[in-house]
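Please keep the sequence and the coordinates in view while reading.

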Amino acid sequence: MEVTGKLTNVQLELLKLFQYNLPDAQLNDIKEMLVKYFAKSASDEMDKLWEEKNWDENTIESWKNEHLRKK
């Protein structure tokens, strides 16, 4: 993803959609769809990392014991 100082293609599409005043129920439905979409994308990306890096439960256990805070 690229961060720009102007509106992104996603923002422009959402602005087109939201030129209409929607009832709260519809707005909440759209928010829920967006949340589910991005949650699935994040989950899919994590699954991909697990496969690529051969992570397993032992990896998680080792992370729990890491001390990453700087003094």
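D44 counts as partly exposed because its relative accessibility is 38%, where buried means under 20% relative accessible area, exposed over 50% and partly exposed in between, with a 1.4 Å probe and protein chains only.

## Basis and confidence

This is a predicted model, in which local features need pLDDT of at least 70 and side-chain atom pairs count only at pLDDT 80 or more, while totals for chains, interfaces and linings use all residues. Residues are numbered from 1 along each chain as its sequence is written, and side-chain values use heavy atoms, with hydrogens and water left out.

The mean pLDDT (the predictor's confidence in each residue, from 0 to 100) is 89 for the chain, and 93% of the residues reach 70 or more. Confidence is lowest in helix α1, residues 9-17, at a mean of 88, and highest in helix α2, residues 24-53, at 95; helices are DSSP runs of H or I with at least four residues, numbered from the N terminus.

## Geometry of helix α2

The 30 residues of α2 should span 44 Å at 1.5 Å a residue, and the end C-alpha atoms are 43 Å apart, which agrees; the expected span is 1.5 Å times one less than the number of residues. After α2 comes N54, with a positive phi near 55°.

E45 is found in α2 and, at 42% relative accessibility, counts as partly exposed.

## Other salt bridges

The structure holds 4 salt bridges. In one of them E32 pairs with K36, the closest N and O atoms being 3.1 Å apart, and these residues are separated by about one helical turn because they are 4 residues apart in α2. E32 is partly exposed at a relative accessible area of 44%, whereas K36 is exposed at 53%.

In α1, K16 and E13 are 3 residues apart and therefore separated by about one helical turn; their salt bridge has its closest N and O atoms 3.1 Å apart.

Conventions:
Helices (H or I, at least four residues) and strands (E, at least two) are DSSP runs, numbered from the N terminus. A salt bridge is a side-chain nitrogen of Lys or Arg within 4 Å of a carboxyl oxygen of Asp or Glu.
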